[in-house]
Amino acid sequence: MQKIAKFEKVSKERFVKDYTGCFGCGEAEAARVYDGIKLPRRATKGSAGYDFFSTADIALEAGKGVKIPTGIRALIDDGWVLQIFPRSGLGFKYRLQLDNSVGIIDSDYSQSDNEGHIFIKITNDGKEGKSLTIAEGDGFAQGIFLPYGITVDDSAEAERNGGFGSTGK
């Protein structure tokens, strides 16, 4: 198995700013949450996915969504990408979906002004009206590292600075 990446927390200042912006809580509450953030990890030696853990208690009625600041960044070797998916059981039971289908974390994202802070936006897309509850600290998404290639005539030279839509500017 190749070791090609490392997870770490974003700075406390970055997390507090992003967390209070998403959940409207105070800085003291965001700092408490930051101290309890768990780095993504695999559940078994045969697992491909690294579980991401919720930083808040989440209650989602069918059709509702939420954006979760994870407090995590990924330092990834060139030639690799981190793809984010819902945890299989939540997708199966509740049709939990990522709002962008599959999250793509590029190897240069960790150098952005936002420290590469990974946000995961999820929606309970269930058609049976079931509410979904995710407790703070529960796994809700999984990340899988995959290699990628580029075309022989590739000429990309731009530098990344930001997240969603930053490379299309």
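This is a predicted model: local features need pLDDT of at least 70, side-chain atom pairs count only at pLDDT 80 or more; totals for chains, interfaces and linings use all residues.
Local features were taken only at pLDDT of at least 70 and side-chain atom pairs only at pLDDT 80 or more, while totals for chains, interfaces and linings use all residues. Residues are numbered from 1 along each chain as its sequence is written, and side-chain values use heavy atoms, without hydrogens and water.

Helices (H or I, at least four residues) and strands (E, at least two) are DSSP runs, numbered from the N terminus. Two strands count as paired if DSSP finds at least two bridges between them.

Strand β2 (residues 50–53) is joined to β11 (residues 139–147) by 4 bridges. Here D51 stands opposite Q142. β11 also pairs with β6 (residues 80–86), over 7 bridges. In that pairing, V81 has L146 as its bridge partner. β6 and β8 are linked by 3 bridges, and Q83 is partnered by I104 in β8.

A further open sheet has 3 strands in the order β4-β9-β7, again with antiparallel pairing. Its edges are β4 (65–69) and β7 (96–98), each with a single partner strand, so one side of each is left without a neighbour in the sheet. The twist averages 30° from one strand to the next. β7 and β9 (residues 119–124) share 3 bridges. L96 stands opposite N124 in β9.

Burial was classed by relative accessible area: buried is under 20%, exposed over 50% and partly exposed in between (1.4 Å probe, protein chains only). In helix α2, A30, A31, V33 and Y34 are buried. Seen down the axis of α2, these buried residues fall within an arc of 160°, so they line one face of the helix. The arc is that of the directions from the helix axis to the C-beta atoms. On the other side of α2, A28 and D35 are exposed.

Rings of Phe, Tyr and Trp (its six-membered ring) pair if their centres lie within 6.5 Å; planes under 30 degrees apart are stacked, over 60 edge-to-face and the rest tilted. The count comes to 7 aromatic pairs. The rings of F15 and Y34 have centres 5.8 Å apart and planes at 45°, so this pair is tilted. It links distant parts of the chain, with F15 in helix α1 (residues 12–23) and Y34 in helix α2 (residues 27–35), 19 residues apart. F15 is buried, at 0% relative accessible area. Y34 is buried too, at 12%. Ring pairs also link F7, Y50, F52 and F145 into a cluster.

The largest nonpolar core has 36 residues. Such a core is a set of buried Ala, Val, Leu, Ile, Met, Phe, Trp, Tyr and Cys residues joined through side-chain atoms within 4.5 Å. F52, L82, I84, I118, I120, I122 and F140 touch the most other members.

Conventions:
Axes are lines fitted to C-alpha atoms, for helices over the stretch in contact, and angles run from 0 to 180 degrees between N-to-C directions.
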